[in-house]
Amino acid sequence: MQAWRVHRNGEPSEVMRLDEVDRPTPGEGQLLLKVRAANINFPDALLCRGHYQVRPPLPFTPGVEVCGETEDGRRVIATPALPYGGLAEYAVADAAAVLPAPDALDDAEAAALHIGYQTGFFGLHRRAGLREGETLLVHAAAGGVGSAAVQLGKATGATVIGVVGGADKAAVARELGCDLVIDRRTDDIVAAVKDATGGRGADVVYDPVGGDAYAKSAKCVAFEGRIVVVGFASGDIPAPALNHALVKNYSILGLHWGLYNQQDPEAVRRCHDTLTEYAAKGLIKPLISDRVGFADAAAAVQRVADGTTTGRLVVLPAAGEAVTEGAAK
């Protein structure tokens, strides 16, 4: 079979190579999946660079989120077990973590449902306790992680303020349903949030960016507000001023969603059931900005690494177009 593999750490476009390899053999408690679609996540770029918290032995195949097909023909979603990631014709996944793909989503959409929406749901509901009528501030609102949070916030009945970089991304954020869109390149984030909330600030802040985004969040979070830290796409890990959190009476919450697979897998399954219901009702639908051919996978990972994308980039296998069109809408 064909598989994209990383032979040395570095920028994805430089270190990913398309190889002819043997089909992987699943271990005990694992399943072999035929990949129908693989969603590109920022961790794929970090894996290539050797900067992710998990460092599989070289060479390895990136691709941490897929829609696949089991040997008995079931359409599923999964986070593949590295080093046999999803940017290949076949991947391996732990059977206990394989979930049914929602009928309401096609293959590319299903491939983009799992990590981003689970992260958003756990971050907004389990960690931050977002309630109807509250104000949610989402950084990188037009990106893959941010767009999921926007949709989940709207499904909860929150007022959603999206922060983006540039006019094109602002248009995407508005289409997603943001009640207010702030362009960080031209607008004053803190002033705009306070103006929109009558000086109160945002009740919940969803931050996958870090750096300056976090600094601005701390200045416009409300009394008893909650800042949910889910990543550092900017590359800058902030050092929070805890005296500031004390004086303003807000909470800083970290979220590492992957730990729930280990610590509370039943919660992950319950969340998937809820997300499946949301998808069936049309409350959520992954924003797929590009469906990429298998030959262009390395370039797609580089685009995500460079932060130039909106929504999700999904890589389709050689026959992916035909497979995707056959999935339920």
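In this predicted model, strand S3 (residues 30–39) and strand S6 (residues 90–94) run antiparallel and are joined by five bridges. If you want to find this pairing on screen, look for Gln-30, which stands opposite Asp-94 in S6. Strands of a sheet pair through backbone hydrogen bonds, either parallel or antiparallel.

S6 is one of the strands that pair with S3. Strand S4 (residues 66–69) also pairs with S3 in the antiparallel sense, and so does S15, again antiparallel. Here are these pairings side by side, each with one pair of residues to look for.

| Partner of S3 | Bridges | Sense | Example pair |
|---|---|---|---|
| S6 | five | antiparallel | Gln-30 and Asp-94 |
| S4 | four | antiparallel | Ala-37 and Cys-67 |
| S15 | two | antiparallel | Ala-38 and Val-315 |

How much of S3 is buried? Seven of its 10 residues are, so the strand is largely enclosed by the rest of the structure.

Arg-312 is buried yet has no salt bridge. The nearest side chain of opposite charge belongs to Glu-65, 4.9 Å away, and a salt bridge would need the charged atoms within 4 Å. What Arg-312 does have is a polar contact, side chain to side chain, with Asn-41 at 3.2 Å. Beyond its neighbours within four places in sequence, the residues in contact with Arg-312 include Asn-39, Ile-40, Ala-112, Gly-144, Leu-287 and Asp-290.

Elsewhere in the model there is an open sheet of six strands, with parallel pairing, in the order S10-S9-S8-S11-S12-S13. Strand S10 (180–183) and strand S13 (251–254) stand at the edges with a single partner strand each, so one side of each has no neighbour in the sheet. On average, neighbouring strands of this sheet are turned by 20° against each other, direction ignored.

Within this sheet, strand S8 (residues 135–139) and strand S9 (residues 159–164) pair in the parallel sense over five bridges. Thr-135 has Thr-159 in S9 as its bridge partner.

Helices pack on this sheet too. Helix H7 (residues 189–196) touches S8, S9, S10 and strand S11 (202–207), and its direction makes about 165° with that of S10. Helix H8 (residues 212–220) touches S8, S11, strand S12 (221–229) and S13, with its direction at about 160° to that of S12.

Technical notes. Residues are numbered from 1 along each chain as its sequence is written. This is a predicted model: local features need pLDDT of at least 70, side-chain atom pairs count only at pLDDT 80 or more; totals for chains, interfaces and linings use all residues. Side-chain values use heavy atoms; hydrogens and water are left out. Buried means under 20% relative accessible area, exposed over 50%, partly exposed in between (1.4 Å probe, protein chains only). Lys and Arg count as positive and Asp and Glu as negative; His and the chain ends are not counted. A polar contact is a pair of N or O atoms within 3.5 Å; within protein, one must be able to donate a hydrogen and the other to accept it, and residues adjacent in sequence count only if both atoms are side-chain atoms. Contact means heavy atoms within 4.5 Å. Two strands pair if DSSP finds at least two bridges between them. Axes are lines fitted to C-alpha atoms, for helices over the stretch in contact, and angles run from 0 to 180 degrees between N-to-C directions.
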